Amino acid sequence: MPQATEDGCTSHDSRAGDYGIAVGSVAEEEKRKVGDEFQLVVEYLTGVFYKPDVLDFFPVLALFDLGGVFCQTKKGGVRLEQILDSLINQSQKRGNTEGTRDFLQILLEIQNSGDTRTPLTRSHIKSLLMELVLAGNDTTWTTMEWAMIEVMKHPEVMKNAQEELDKVVGRNHSVEEVHLPKLHYVNAFVKEVLRLHPVVPLMLPRTPRQSTPVGGYMVPKGSRVLVNKWAIQRNPAAWESPEEFRPERFLMGNGKREITGNDFHYFPFGSGRRICPGMALAERMLIYVMATLLHSFHWKLPEGTELDVSEKLGIVLKKAKPLKVVPSPRLSDLGLYSRN
């Protein structure tokens, strides 16, 4: 049964009101606890955004917030503001006492310098931090998890990648950025992961300014259109055996496909003027991290467990249950692990 809360919101489940986290001061908490809480709030908000709501079909009822979406979003947003404000306050008090600067400290220095044409406000800083965490970190590690799933499903992929890494990097060295352009198979592996598992399966909504025919259908002016990248990148008319994981399809000689958004059968980061601005960084990060993981370790599932590939619906396409794998070192120089 829905229950009224103290602030007048309606709670539709046991976690809707407080989303299972404390709302106390963050100033005294350890960084790890703050990170865990931040992740809980973000997961709560993304769940709220994706949850079906009667307003999707009857916008005229928005004033009444029958599903409680507006109220729940507001509560999550308030908690995010508190966490970010606390982090900013802590950074201001700490200053540059450790001799190194993080991203937040650099932003605060820019704010205090007053040299920018457009002043950098506290709201700007919080927005940039949110973009960095949500669009940069969350999507990247989610894609890495799907990449490791494909490694577990296809042992030959790990074998092929490790053979290339041994040839290009060697077992006496760590993977460095200079190696990445030479890792053709690892590059193809990452591209195939992005094809089968686009981290955001539906592109941002588009609205035509005038009624437009598309594929034999008339899209009325003012409609909200969602492009399904997930389905397009598995379209059998454009891909041979689209449900199979084949990194080889991206190797030279098998048809060159890039992630630049110019190929409308393969655009994991979107296309056009609204293409993901972090595309180049994300691709490089994925290749570098996956190359390092596969070069440094052998990977296997824990004894007695089976691979679970079930998905969880949301704005970001995630696994329903986190993946657990066991690494074992494969480099000849164990000292390299302390430097990685």
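Modeller: Axes are lines fitted to C-alpha atoms, for helices over the stretch in contact, with angles from 0 to 180 degrees between N-to-C directions. The model is predicted: local features need pLDDT of at least 70, side-chain atom pairs pLDDT 80 or more, while totals for chains, interfaces and linings use all residues. Residues are numbered from 1 along each chain as written, and side-chain values use heavy atoms, without hydrogens and water.

Biologist: How many helices and strands does the protein have?

Modeller: Helices (H or I, at least four residues) and strands (E, at least two) are DSSP runs numbered from the N terminus. Among the helices are α5, residues 155-168, and α3, residues 103-113. The protein comes to nine helices and eight strands.

Biologist: At what angle do the axes of α5 and α8 cross?

Modeller: Helix α8 covers residues 279-296. Met 158, Ala 161, Gln 162, Leu 165 and Asp 166 of α5 meet Ala 291, Leu 294 and His 295 of α8, a contact being heavy atoms within 4.5 Å. The two axes come within 9 Å, and their crossing angle is roughly 90 degrees. That makes the arrangement of α5 and α8 roughly perpendicular.

Biologist: How are α2 and α3 oriented to each other?

Modeller: Leu 87, Ile 88, Ser 91, Gln 92 and Arg 94 of α2 meet Leu 104, Gln 105, Leu 108 and Gln 111 of α3. Their axes approach within 10 Å and cross at roughly 75 degrees. Angles under 35 degrees count as roughly parallel, over 145 as roughly antiparallel, 65 to 115 as roughly perpendicular and the rest as oblique. Helices α2 and α3 are therefore roughly perpendicular.

Biologist: Which residue forms a salt bridge with Asp 166, and how far apart are the two in the chain?

Modeller: A salt bridge is a side-chain nitrogen of Lys or Arg within 4 Å of a carboxyl oxygen of Asp or Glu. For Asp 166 the partner is Arg 330, with the closest N and O atoms 2.8 Å apart. Asp 166 belongs to α5, whereas Arg 330 lies in the loop between β8 (326-329) and α9 (335-339), giving a separation of 164 residues.

Biologist: How many residues in sequence separate Glu 177 and Arg 284?

Modeller: These side chains form a salt bridge with an N to O distance of 3.0 Å. Glu 177 lies in the loop between α5 and α6 (184-196) and Arg 284 in α8, so the pair ties together parts whose separation in sequence is 107 residues. Both ends are partly exposed, as Glu 177 has 48% and Arg 284 has 42% relative accessibility. The separation asked for is thus 107 residues.

Biologist: Are Arg 249 and Glu 192 buried or exposed?

Modeller: Their salt bridge has its closest N and O atoms 3.1 Å apart. Arg 249 is in the loop between α7 (229-232) and α8, and Glu 192 is in α6, so parts 57 residues apart in sequence are tied together. Both Arg 249 and Glu 192 are buried.

Biologist: How many salt bridges does the protein have?

Modeller: Some salt bridges share partners, joining Glu 81, Asp 85, Arg 122 and Lys 126 into one network. The count of salt bridges comes to 14.

Definitions and conventions:
Buried < 20%, exposed > 50% of the residue type's maximum accessible area, 1.4 Å probe, protein only.
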